[in-house]
Amino acid sequence: MIKLSNRLQRIADYITPGNRVADIGSDHALLPIYLLQSGKVPSAIAGELNEGPYQAARKGAADAGLQQRLEVRKGDGLSVLNGGEADSVTIAGMGGSLMSMILEAGDQAGKLQGVTELVLQPNVGEDEVRLWLLGKGWELREESILEEDGKIYEVLHARRAEYAAASNEKLYDGSFLPLEWDKSDLKGLLVRMGPHLLRKPTAVLIEKWRLEIEKLERICGQLSGSELPESALKKTQFERDIRRIEEVLGCLQTELQ
Ligand code: SAM
């Protein structure tokens, strides 16, 4: 059986056993191959836009002797899927903006019909994915953050649920943080940093946001050298952002101790 990276393994762990899976942007199809070899899922579809990865996925399926149960399809996003063909959809290893566009286009075209579970691993722009899920009434059930090979990854697990609106309202209520901010600022922060991640902070989460602060400080330093009025405005905004993140980290670090 193939061995997955910790990142892909975390995604695999979130899949409900017995579900039919569609992995969009599958590249070598490692995730569906593992899910089939481990017996966790009965069948899978691997979708790929680009010829090279599409051929790599076909070869992976053939080498593993899984052509009967792993269908490799070429196309853009969820267009490779027919409504009702999959119970779980996974999308991993691309930006949150592209991921949200794929989800939105697929949703509009009815491709998410019958899909009850999404496991999403955006490389950046996690906030865009959380906002999409929130806007479309998916319940964000779990999230995790992990570090591998010097990179930090977040994995989001969402389910379709009738009570999603109520559950999300609770989830995105930031009153568990001892911060005197207005409600919409708090919600924005939870969308950005992850409502589950903030409730169970880990050292990796703290590290991610420390690195983000360092990046923002570097940008502020560059803006200081500019005499343009808009640079001064941007710098003020970034400085406010840094203060806000630091305030949150202050609460989290207390919890970690
Ligand atoms: N999902 C694998 C993983 O996480 O290891 C592969 C990630 S790889 C970095 C991103 C893959 O998404 C590439 O193989 C790329 O060809 C594919 N891709 C990019 N845009 C896509 C789209 N609109 N529809 C389907 N696949 C896409």
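Across the interface of domain 1 and domain 2 the rule finds 2 salt bridges, a salt bridge being a side-chain nitrogen of Lys or Arg within 4 Å of a carboxyl oxygen of Asp or Glu. The model is a predicted one, in which local features need pLDDT of at least 70 and side-chain atom pairs count only at pLDDT 80 or more, while totals for chains, interfaces and linings use all residues. Residues are numbered from 1 along each chain as its sequence is written, and side-chain values use heavy atoms, with hydrogens and water left out.

**The two domains**

Where they meet, 6 residues of domain 1 are in contact with 6 residues of domain 2, contact meaning heavy atoms within 4.5 Å.

Domain 1 and domain 2 bury about 480 Å² between them, with 62% of it on carbon and sulfur atoms; buried area is the accessible area (1.4 Å probe) that two parts lose on being put together, summed over both. Next select Ile-145, Glu-147 and Ile-152, which supply 80% of the area that domain 1 buries against domain 2, more than any other three residues.

**The salt bridge at Lys-208**

Show the side chains of Lys-208 and Glu-154, which meet in a salt bridge at 2.9 Å, N to O. On the side of domain 1 that touches domain 2, the elements giving two or more residues are β6 (138-148) and β7 (151-160); helices (H or I, at least four residues) and strands (E, at least two) are DSSP runs, numbered from the N terminus. The largest share of that side, 3 residues, comes from β6.

**From Lys-208 to Arg-130**

Now extend the selection to Glu-126, Arg-130, Glu-143, Glu-154 and Lys-208, which are linked in a network of salt bridges. Within it, the side chains of Glu-143 and Arg-130 meet at 2.6 Å, N to O. This pair links distant parts of the chain, with Glu-143 in strand β6 and Arg-130 in helix α5 (residues 126-135), 13 residues apart.

Are Glu-143 and Arg-130 buried or exposed? Glu-143 is buried, with a relative accessible area of 9%, and Arg-130 is buried as well, at 0%, where buried means under 20% relative accessible area, exposed over 50%, and partly exposed in between (1.4 Å probe, protein chains only).

**Two further pairs**

A search of the whole structure finds 17 salt bridges, and two of them make the last stops. Select Arg-73 and Glu-85, whose side chains meet at 2.8 Å, N to O. Arg-73 lies in strand β3 (residues 70-74) and Glu-85 in the loop between β3 and β4 (88-94), 12 residues apart. Arg-73 counts as buried at 14% relative accessibility, whereas Glu-85, at 24%, counts as partly exposed.

Finally, select Asp-185 and Arg-240, which form a salt bridge with the closest N and O atoms 3.8 Å apart. Asp-185 sits in helix α7 (residues 183-193) and Arg-240 in helix α10 (residues 229-256), 55 residues apart. Asp-185 counts as partly exposed at 27% relative accessibility, and Arg-240 counts as partly exposed at 43%.
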